[in-house]
Amino acid sequence: MRSARSMLAAARSRVLAVEALALPRACLGCERPMPDRRSGACCELCRHRLRSIAPPVCRRCGQPIDQWSLRLAAEAGGEASGRATLGRGAGAAGSGPCAFCREWPKELAWAVSGTWLDEGPARNLVHALKYGGWRIAAAPMADCIRAAGGARLGRIDALVPVPLGATRLRERGHNQAALLARALGASLAVPVLESALRRTRETRTQTRLGPDDRRRNVAGAFEAAGPSLTGLRVALVDDVLTTGATLGSATTALARLEPASVGAVTFARALVPA
Ligand SMILES: [Zn+2]
Ligand SMILES: [Zn+2]
């Protein structure tokens, strides 16, 4: 008869074998062989290469403040109000919307993204989670959001992933925003409300659409489905923010559940197509 110790050892080796199957053979960020299988989805170098969004950024939307935004804001409200509107990163005095976020619904109070969606590991991780079904990619992505979100994430009561339509969910088998929200929720010890929102219709892919077309594409695409969120500070979760049109539309629907506030977190931020 086998000893308890050898049975335990056998069980442990089976667990390790299952874990090894669930781990990628190569880094999901750079495709180089992983030096250590226990590193998870992504090598240290790729984690390091996830470029954070450098200040100065708008306090509300987190978009870098550039000369173009400053000029637009100045034209809209005079030089002085343009300056007041655009925050100077964390702790700035400005509170109004900048050129990037002024079309967002007023209920969307803030947005934070972990990194830029460049051609490096950020894009590869997004693809691995979204199309490759590599659930394990969500962990380093959530870590990246945490690093960027700072104290703001400590004031969230619940996370709501941006839902997929039923058809796309069937095709893909998973919602990457929900996987990301689960990883972030576990890390922050915050509940994830996956059924608070529902997508009312499929929307076409937005990759090639400009800001106005994006807003039209997702207008009314969501509806509130969950119980009341009264008193809760909620953050929407998505993988990528480009213009914020999807998050804006989701916020409008979520506001019907009467949360105390709505913010948004995304792993990456893409450049708006010209
Ligand atoms: Zn790597
Ligand atoms: Zn802004």
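A221 counts as buried because it has 21 C-beta neighbours inside 10 Å. The cut-offs are 20 or more other C-beta atoms within 10 Å for buried, 12 or fewer for exposed, and partly exposed in between, with C-beta atoms placed from the backbone. This is a predicted model: local features need pLDDT of at least 70, side-chain atom pairs count only at pLDDT 80 or more, and totals for chains, interfaces and linings use all residues. Residues are numbered from 1 along each chain as its sequence is written.

A221 sits in the loop between α8 and β4 (222-224). Helices (H or I, at least four residues) and strands (E, at least two) are DSSP runs, numbered from the N terminus. Beyond four places in sequence, A221 contacts R199, T200, R201, T203 and S249. Contact means C-beta atoms, placed from the backbone, within 7 Å.

## Packing of α8 and α9

Helix α8 (residues 211-218) packs on helix α9 (residues 245-254) at about 35°, with axes 9 Å apart. Axes are lines fitted to C-alpha atoms over the stretch in contact, and angles run from 0 to 180 degrees between N-to-C directions. R214, R215 and V218 of α8 meet A245, T246 and S249 of α9.

## The largest nonpolar core

This core holds 68 residues; L129, M141, L180, L236, V237 and L254 touch the most other members. A nonpolar core joins buried Ala, Val, Leu, Ile, Met, Phe, Trp, Tyr and Cys residues through C-beta atoms within 7 Å. Helix α7 gives the most, with seven residues.

Key: Chains lettered and ligands numbered in written order. Contact = placed C-beta atoms within 7 Å.
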